[in-house]
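Please study the sequence and the three-dimensional model shown here before reading the briefing.

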Amino acid sequence: KKLLPKEEGLDHSLSVLREGYLYITNRTIGFQSDIFETRLLGERAICMRGEEAAKLFYDNDKFERIGAAPKRVINTLFGEGGVQSLDGEEHHHRKNMFMSVMSTEALAQMRTITRKHWALAAQRWETMPKVQLYEEAQGLLCRAACEWAGVPLREGEAQEKAAWFGAMIEATAAIGIKHMKGKNARSKTEKWISDLVEQVRTGEIEAPEQSTLHTFAMHRDLKGELLDSQTVAVEIINILRPIVAIAIYICFTALAVIQQPEERKKLATAEEDYLQNFVQEVRRFYPFFPFLPARPIKDFTWQGYGFEKGVLTLLDLYGTNHHPDLWDNPEKFRPDRFRNWNGSPFNFIPQGGGDHYTGHRCAGEWITIEIMKESLDYLANKMEYDIPQQDLSFSFHEMPSLPHSRIVMINVKAV
Ligand code: HEM
């Protein structure tokens with residue numbers, strides 16, 4: 001067996017907070033190895049990046065998720081008992097529930113709903129002296145998400161609920177007040193949604209048959225039983241919250257539109273291929289989900305290195321999307337690279353890799369792309385606006401990262 005390159009020291013969690021998305025990349029460069037060993041959160045950890053590493057990570061015979069995510073992430077971002085921490089048959093069955101609401105028709109419906117809410121928002125913004133895109137996009141997406149999922153939402157509630165989802169998203173790597181806000185927002189949201197689930201079950205409210213609310217409320221587990229309403233709420237929030245999180249990608253999309261006038265020109269005809277490639281490049285280029293944790297279910301050897309059962313293993317998503325062996329000039333924003341992308345499920349993994357049905361790959365990847373294409377069309381073609389002087393920089397140590405000004409627009413006009 002070969003020895004893993006090893007970072008000495010008792011614990012490097014602080015370096016993760018300091019270096020953020022670049023923590024793993026920085027060390028793979030230093031070690032000249034796509035895999036190394038360190039200590040994080042008080043335990044031994046193996047970190048890795050690249051296509052081969054992703055293939056390994058998504059091998060269900062070798063890795064499981066139970067007990068892999070830190071408790072603080074479950075308390076805020078994921079929720080207790082959700083699909084992220086299930087394995088095997090139970091995971092597969094629950095994942096099918098998610099994928100059943102992602103039919104081609106449902107995706108097309110989401111695109112139409114998104115377009116409607118962008119049109120309404122653009123009208124609203126015409127009357128505002130200045131628009132902060134992040135907050136506005138959260139509100140827009142919260143309305144769209146609830147409408148699509150069959151969750152009743154009064155117009156007056158949209159911004160409040162959007163802020164709850166926002167607090168959960170921003171609590172991911174936070175400690176102190178931000179973490180508490182995330183926890184608090186989660187408990188309020190779970191109460192709101194679990195009450196709705198009970199009302200659907202008693203027939204007090206009606207949700208469209210194919211909607212997320214109806215499908216999840218009536219879903220039966222492997223034993224043929226309904227899930228408890230709390231768990232259903234966690235899973236419905238696993239649909240609503242990440243749709244609201246697309247506000248982050250909308251800000252990065254706007255940033256790319258602002259900074260890449262040549263690329264923007266190519267979008268003028270709103271051709272689907274161009275929108276698609278631009279959106280793919282936004283997902284590859286900008287940091288969002290940094291890395292994912294799992295644990296081996298048994299001892300095995302890979303490329304000469306020993307993996308022991310249970311050892312914390314992190315797959316670097318950001319580092320894989322920027323790996324110099326996989327991407328030509330990875331630090332340049334070039335949508336056209338996706339014209340010849342080979343479509344591998346393991347080299348482009350902003351929302352996880354592998355298979356959507358049998359693995360943990362993001363259930364919402366397709367819907368994210370649909371929402372982003374529609375949003376891009378608005379940002380590039382269907383609105384005019386000015387970008388006043390502001391801090392458009394973003395940091396690699398903030399997780400999730402976001403342009404610091406949160407994108408301020410003035411003189412907005414729908415065209
Ligand atoms: C899982 C990223 C949007 C629903 C994941 C994972 C990542 C991710 C990295 C983990 C994959 C793994 O564990 O292997 C993102 C990003 C998004 C996004 C960057 C952009 C905003 C969405 C949307 C939805 C969604 C819009 C739902 C409509 C889920 C679910 C899982 C998941 C349910 C758990 C899947 C499982 O454990 O089997 N996402 N996601 N995500 N995502 Fe997303």
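Predicted model: local features only at pLDDT ≥ 70, side-chain atom pairs only at ≥ 80, totals over all residues.

Residues are numbered from 1 along each chain as its sequence is written. Helices (H or I, at least four residues) and strands (E, at least two) are DSSP runs, numbered from the N terminus.

**The shell around the ligand**

- The ligand is surrounded by 24 residues, and the closest are Pro242, Gly352, His360, Cys362 and Gly364. A residue is near a molecule or strand if its C-beta atom, placed from the backbone, lies within 6 Å of it.
- Helix 5 (88-100), helix 11 (229-259) and helix 15 (365-382) are the elements that give two or more residues to this shell.
- Helix 11 supplies the largest share, seven residues.
- By class, the shell holds 15 nonpolar, seven polar and two charged residues. Here Ala, Val, Leu, Ile, Met, Phe, Trp, Tyr, Cys and Pro count as nonpolar, Asp, Glu, Lys and Arg as charged, and the others, Gly among them, as polar.

**The nonpolar cores**

- A nonpolar core is a set of buried Ala, Val, Leu, Ile, Met, Phe, Trp, Tyr and Cys residues joined through C-beta atoms within 7 Å. A residue is buried if 20 or more other C-beta atoms lie within 10 Å of its own, exposed if 12 or fewer, and partly exposed in between, with C-beta atoms placed from the backbone.
- The largest nonpolar core has 83 residues, of which Leu141, Ala145, Ile236, Leu240, Val244, Ile246 and Cys251 touch the most other members.
- Helix 11 gives the most to this core, namely 21 residues.
- Not counting residues up to four places away in sequence, Leu141 touches Ile243, Val244, Ile246 and Ala247. Two residues are in contact if their C-beta atoms, placed from the backbone, lie within 7 Å.
- In soluble globular proteins, nonpolar side chains tend to be buried together.

- Helix 8 (residues 158-170) has 13 residues and reaches 18 Å from its first C-alpha to its last, close to the 18 Å expected at 1.5 Å a residue. The expected span of a helix is 1.5 Å times one less than its number of residues.
- Among the buried residues of helix 8 are Lys161, Trp164, Phe165 and Glu170.
- The buried residues of helix 8 pack against helix 4 (71-78), helix 7 (133-149), helix 9 (177-202) and helix 11.

- Five strands form an open sheet in the order 1-2-8-5-3, with mixed pairing. Two strands pair if DSSP finds at least two bridges between them.
- The edge strands, strand 1 (35-40) and strand 3 (63-64), each pair on one side only.
- Strand 1 is joined by six bridges to strand 2 (residues 43-48), and the two run antiparallel; Phe36 has Cys47 in strand 2 as its bridge partner.
- Strand 3 pairs with strand 5 (residues 291-296) in the antiparallel sense over two bridges, and the bridge partner of Glu64 in strand 5 is Arg295.
- Strand 5 and strand 8 are also antiparallel, with four bridges; Pro293 stands opposite Leu314 in strand 8.
- Leu312 belongs to strand 8 (residues 312-316) and is buried because 21 other C-beta atoms lie within 10 Å.

**Backbone details**

- Most residues other than glycine have a negative phi, and most peptide bonds are trans.
- Met399 and Pro400 are joined by a cis peptide bond, with omega about 0°; Pro400 is found in the loop between strand 9 (383-386) and strand 10 (408-414).
- Gln303, a residue other than glycine, has a positive phi near 50°. Gln303 is exposed, because 11 other C-beta atoms lie within 10 Å.
- Ile407 is not a glycine, yet has a positive phi of about 60°. Ile407 counts as buried because it has 26 C-beta neighbours inside 10 Å.
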